[in-house]
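Look at the protein and its ligand below. The report covers contacts, surroundings and the annotated domain.

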Amino acid sequence: MKQTIAFPDGREVLNLGQGTYRMGEEFKKKQQEIEALRTGIENGLTLIDTAEMYSEGRSEEIVGEAIQPYKRDDLFIVSKVLPMNAGEQHIHQSIDGTLKRLGVDELDLYLLHWRGHIPLQETVDVMEELKWKGKIKGWGVSNFDLEDIQELLSLRNGLNCQTNQLLYHLASRGIEFVLTDYLKESRIPIMAYCPIIGQEPDKKEMVHQSPTINRMAQKYNLSVVKLLLAFVTQQENMIAIPKAASRDHVLQNADVLQVELDDEDIRILNEAFPVPDKRMPLKTK
Ligand SMILES: NC(=O)c1ccc[n+]([C@@H]2O[C@H](COP(=O)([O-])OP(=O)(O)OC[C@H]3O[C@@H](n4cnc5c(N)ncnc54)[C@H](OP(=O)(O)O)[C@@H]3O)[C@@H](O)[C@H]2O)c1
């Protein structure tokens, strides 16, 4: 379902973007990956998520090539810094490498990939410095559980955090126990990664074999993957970033913005794939 999501600083994006994990890993797939990203951009999926870690920078290079024909202002580019680089000593080298590989002067968002050993206040301070230098428009975090985000928001300039990127899909709903509400109240949107269960083969198989899911997919005339994505795009305060490395997959994913699951079907999904009834450790990939 098509929705507009606002970040705390007032910028708005569509609730569906594009992931890039493993892009750039195999040279022979390069043109297809570039074509997939361009197809996405041309179909409105202008938010692209990448990271310095992905394929050791080659994902950022693929994104850099893919975005060349487009106006910079029409895109929303997100990248992530490794925890060990998110302090005074290494951040400048990291951001300069990322900007160079992407071929842009400034990122729309720069995220701490996960929490490491560098004090959070130091990371916030260097992120603010990068903003001041015009290298990033804003910053956020990824894989932060409730206590981490609470601590972050209590720091000097911590409230400038724009997003928390988290694993979320129909069969992994642990964050709904407490974290999604806390982020909603704090007006911090979630970027949902692995929204179509890209990295948990067992869970993926379980969902793909579920009679409930297959019946519902048939009812809406969708593939199971599209149904999974429709479920995520129907959540409040959430931007889904599925990765698709083919034109066909991207077009299917963009098409999900036209899908709205009715209340009764959401109830059925909630019953078949419930939110856990106790707090679970944050799932990460
Ligand atoms: N912050 C973090 O720690 C973190 C961790 C993991 C991921 N992420 C981000 O989130 C993004 C998404 O997560 P993910 O890539 O792990 O998993 P995902 O998006 O849930 O799944 C990707 C898989 O789904 C396939 N696919 C895509 N569209 C499809 C369609 N319409 N029909 C059938 N299959 C389809 C892709 O195949 P093809 O590639 O062949 O199209 C790929 O194998 C990543 O790319 C990355 O940007 C962030």
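A ligand oxygen atom lies 3.4 Å from a polar backbone atom of Pro195. At Gln252, an N or O atom in the side chain is 3.3 Å from a nitrogen atom of the ligand. Polar contacts here are pairs of N or O atoms within 3.5 Å.

The protein covers 86% of the 900 Å² of accessible area that the ligand has on its own (Shrake-Rupley method, 1.4 Å probe).

This is a predicted model: local features need pLDDT of at least 70, side-chain atom pairs count only at pLDDT 80 or more, and totals for chains, interfaces and linings use all residues. Residues are numbered from 1 along each chain as its sequence is written, and side-chain values use heavy atoms, without hydrogens and water.

## The shell

The ligand is surrounded by 28 residues (a heavy atom within 4 Å). Asp49, Gln199, Lys243, Ala245 and His249 are the closest. The shell divides into 12 nonpolar, 12 polar and 4 charged residues. Helix H10, residues 247-255, gives the largest share, 3 residues (helices are DSSP runs of H or I, at least four residues).

## The annotated domain

UniProt, in an unreviewed entry, lists residues 16-271 as "domain: NADP-dependent oxidoreductase". Such annotations may be inferred rather than shown by experiment.

Notes:
A polar contact is a pair of N or O atoms within 3.5 Å; within protein, one must be able to donate a hydrogen and the other to accept it, and residues adjacent in sequence count only if both atoms are side-chain atoms. Helices (H or I, at least four residues) and strands (E, at least two) are DSSP runs, numbered from the N terminus. Ala, Val, Leu, Ile, Met, Phe, Trp, Tyr, Cys and Pro count as nonpolar, Asp, Glu, Lys and Arg as charged, and the others, Gly among them, as polar.
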